[in-house]
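Please look at the model first.

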Amino acid sequence: MSHTDPEFLALTALGEHAGTAQDAAHLAQCADCQLELERLTRTIELARRDGPVSLEQPPASVWERIAATVGAEEAGQLDAAPGNAVSPEAVRAAANGSGRDVPARVPAGVHAGASPGRAGGRRRRLGVAVAGLAAGLIIGIGGTAAVTQLTRPSASQVVAEIELRPLAQFPQWQSAAGTAVLREHQAALQLAVSVTAPSRSGFYEVWLLGQNGTSMISLGDLNAEHAGTFTLPAGVDLRFYSRIDVSLQPFNGSTQHSSTSVVRGSLPATETGAADPG
Amino acid sequence: MPVDVPSDEDVSAAFGKGDPDALRLLYQRFGALVYSLARRSLGVQADAEDVTQQVFVSAWRGRDTFDPERGSLAAWLVAITRNRISDMLRTRQRDDRVLLHMAAGAATEDPAVPSDQVVNRVVLADELARLPEAQRLVMTLAFYSDLTHEQIAEVLQTPLGTVKSHIRRGLQRLRSRLEADRVTY
């Protein structure tokens, strides 16, 4: 025997007196129909509580920030070839590499900074460079460094050794290379960076890049030998500031990233808790 | 309803293929949902904007982990949004704690999770907004006016059978959506 008319259940859930005596009799003794009624009623209660909810459209600036973040994920993407130079496989591979940004895998406590768009020193308006999206993602390949993880000795402990590589979209830097060694020294983290790169006008500056692509921390400048050792700010969240970037800065007095990234590498995910103060 | 909102199927297909346009489509379709969730959970507009930005950037970077077998794109995005809201609430708690410690040495212990109630209501509003115009009107009257379905039919000059079927199918659709978005990732 069939159940009651589904319209009867819907109207009953809405609080109307609907249906026939048979409908009511069936409902009284049918668990399936009762359950269905209960689910519909719950939906209606939710909808009716506090009256209608209207969705709010985010301000247009939010999309601009998203496009800028993804597009300018990597410094200097404006110089990059448009997306059609990027193979879909490469984009997918790059996306795979950054899959850990998905919430299920983000460790508790990781957050993307208070105001990525507004606080980020450098922010580009790309006008939705969707081509740039793909171009931005490709960097993941060059930037995902081969990481040599060392066992922890005592004293000044080497936490990680990171290979720095040039980025795919900067052909002029393809001969550049570098290493970064992260050490734990007297409860602080030190990063020793050295780079081999052609001499150009300007100087090399070392940055920690946030996962949102806009937040960055300047660690300092490399010396004439293209080397330098920097103490990381105490308490910096390396799960968020997980990439090391070396830029070529012109002598123009600007404190912002020049958008010219020479080499880049990623910290190993497993060691990122090392800088936690607690 | 704006005509330029892409269908869930279009967005899902573009996303699955890694179409470069997918992020824009995703945002067009779900921007208001994500933002409204954040806005209602966090109150502060600037925080809601930040969370919205983070959600779409995360979704794009992690799009290979979206598995249509496990649930809808909407459910996946709602899950990301909840996590980001939690992160933001946690950050605030941490800031609060610092302030409180400085002031009185006390700490708050509120759990940093967005309320289910908020999520459900915003998801419901989103699905309601997705109904075809005529059906949405019927559902809105059924929910928020004191009119019976006969009166709704009269007011809208629509056949009674049409009104009843709008109500039945509309309710079922809303219910399914609510249940689907409860999928946890």
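The report below starts with chain B, moves to the cavity and ends with the cores.

**Chain B**

The model is predicted. Chain B has eight helices and zero strands. Along the sequence its pattern reads α-α-α-α-α-α-α-α. Other values for the chain are tabulated here.

| Property of chain B | Value |
|---|---|
| Buried residues | 50% of 185 residues |
| Contacts between residues 24 or more positions apart, among those with a separation of 6 or more | 64% |
| Accessible surface | about 8100 Å² |
| Part of the accessible surface from carbon and sulfur atoms | 53% |

**The cavity**

How many cavities of 30 Å³ or more does the structure hold? There is one. The volume of the largest cavity is about 40 Å³. Its lining draws on two chains: A:Leu46, A:Ala47 and A:Val53 come from chain A, while B:Arg121, B:Leu124, B:Ala125, B:Leu128 and B:Tyr144 come from chain B. Two elements each supply two or more of these residues, namely α3 (31–48) of chain A and α5 (116–130) of chain B. The top contributor is α5(B), with four residues. By class, the lining holds seven nonpolar residues, no polar ones and one charged.

**B:Ala125**

One lining residue deserves a separate look. B:Ala125 sits in helix α5 of chain B. Is B:Ala125 buried or exposed? Its relative accessible area is 8%, so B:Ala125 counts as buried, the limit being under 20%. Beyond its neighbours within four places in sequence, B:Ala125 contacts A:Val53 and A:Leu55. A:Val53 is also part of the cavity lining. Within chain B, B:Ser36 is 89 residues from B:Ala125 in sequence, and their C-alpha atoms are 9.8 Å apart.

**Nonpolar cores**

Nonpolar side chains tend to be buried together in soluble globular proteins. Here the largest nonpolar core has 69 residues. Which of them touch the most other members? They are A:Ile66, B:Leu26, B:Phe30, B:Phe56, B:Leu77, B:Phe143 and B:Ile167. Helix α2 (residues 22–42) of chain B gives the most to this core, at twelve residues. Apart from this core lies another, of 33 residues, which includes A:Leu164, A:Leu189, A:Val206 and A:Leu248.

A:Ile66 reaches across to chain B. Setting aside neighbours within four places in sequence, A:Ile66 is in contact with B:Leu23, B:Tyr27, B:Thr52, B:Gln53, B:Phe56 and B:Val57. One of these partners, B:Phe56, is itself among the core residues that touch the most other members.

Technical notes:
Residues are numbered from 1 along each chain as its sequence is written. Chains are lettered from A and ligands numbered from 1 in the order in which they are written. This is a predicted model: local features need pLDDT of at least 70, side-chain atom pairs count only at pLDDT 80 or more; totals for chains, interfaces and linings use all residues. Side-chain values use heavy atoms; hydrogens and water are left out. On a 1 Å grid over the protein atoms alone, a cavity is a set of points where a 1.4 Å probe fits but cannot get out, and a pocket is an open set with protein on both sides within 12 Å along at least five of seven lines; lining residues have an atom within 4 Å of a point. Grid points are joined across faces, edges and corners, and a volume is the space filled by probe spheres set on the points. Ala, Val, Leu, Ile, Met, Phe, Trp, Tyr, Cys and Pro count as nonpolar, Asp, Glu, Lys and Arg as charged, and the others, Gly among them, as polar. Buried means under 20% relative accessible area, exposed over 50%, partly exposed in between (1.4 Å probe, protein chains only). Contact means heavy atoms within 4.5 Å. Accessible areas come from the Shrake-Rupley method with a 1.4 Å probe; for residues, only the protein chains shown count as cover. A nonpolar core is a set of buried Ala, Val, Leu, Ile, Met, Phe, Trp, Tyr and Cys residues joined through side-chain atoms within 4.5 Å.
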